[in-house]
Amino acid sequence: MSRARPQAAAPVKDAAPLFAALGDETRLSLLLGLSAGGPRSIVGLRAKHRVSRQAVTKHLEVLRDAGLVRSLRVGRERIWELEPRRLGDAHACLDRISRQWDDALARLKSFVER
């Protein structure tokens, strides 16, 4: 068996929770709101969503657990902000997939042209 598989498994294992968190429409919308509007409280984030405060909190906790957002307490409120490093990780993973796909297509083209 190839040694490349165990090495490739680690990035996939790290990326899976990230993409699982991004796979929900509400969470993706919350993340887009934070990226466009900067740090906000749950009240500020909830303004554009028709979900309860508790639901927004649960979605933000999933995003936090995936490393996509972080929060800090300011008085009685919790302010949420984007964690851009993890988006960079997602971008790198998608770039890797894109390069592998391009390589596979180039091999197929070479095979067909022979």
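**Entry 1**

Areas come from the Shrake-Rupley method with a 1.4 Å probe, and for residues only the protein chains shown count as cover.

This is a predicted model, so I kept to pLDDT of at least 70 for local features and 80 or more for side-chain atom pairs, while totals for chains, interfaces and linings use all residues. Residues are numbered from 1 along each chain as its sequence is written, and side-chain values use heavy atoms, without hydrogens or water.

I then looked up V112, which lies in helix α5 (residues 84-113). V112 counts as exposed because its relative accessibility is 60%, the cut-offs being under 20% for buried, over 50% for exposed and partly exposed in between (1.4 Å probe, protein chains only).

**Entry 2: the whole chain**

I found five helices and three strands in the protein chain, in the sequence pattern α-α-β-α-α-β-β-α. Both kinds of element are DSSP runs numbered from the N terminus: helices are H or I with at least four residues, strands E with at least two. Buried residues are 24% of the 114 in the chain. The chain exposes about 8300 Å², with carbon and sulfur atoms supplying 56% of that area. Counting contacts (heavy atoms within 4.5 Å), I noted that 50% of those between residues at least 6 apart in sequence join residues at least 24 apart.

**Entry 3: the sheet**

In what order do the three strands form their sheet? I read β1-β3-β2, an open sheet with antiparallel pairing. Its edge strands are β1 and β2, each pairing on one side only. Strands pair if DSSP finds at least two bridges between them. Strand β1 (residues 40-41) is joined to β3 (residues 77-82) by two bridges, and R40 has W80 as its bridge partner in β3. Between β2 (residues 69-74) and β3 I noted six bridges, with L72 opposite I79. The hairpin of β2 and β3 has two residues between the strands, and G75 takes a positive phi near 65° there.

Helix α2 (residues 25-37) lies across β1, β2 and β3, at about 85° to β3. For that angle, axes are lines fitted to C-alpha atoms, for helices over the stretch in contact, and angles run from 0 to 180 degrees between N-to-C directions.

**Entry 4: two residues looked up**

Is S41 buried or exposed? S41, in strand β1, is buried because its relative accessible area is 12%. Beyond its neighbours within four places in sequence, S41 contacts E77, R78 and I79. S41 and R78 are 37 residues apart in sequence, yet their C-alpha atoms are 5.9 Å apart.

I also checked H59, placed in helix α4 (residues 53-65). H59 counts as buried because its relative accessibility is 17%. Leaving out residues up to four places away in sequence, H59 touches D24, T26, R27 and L30.
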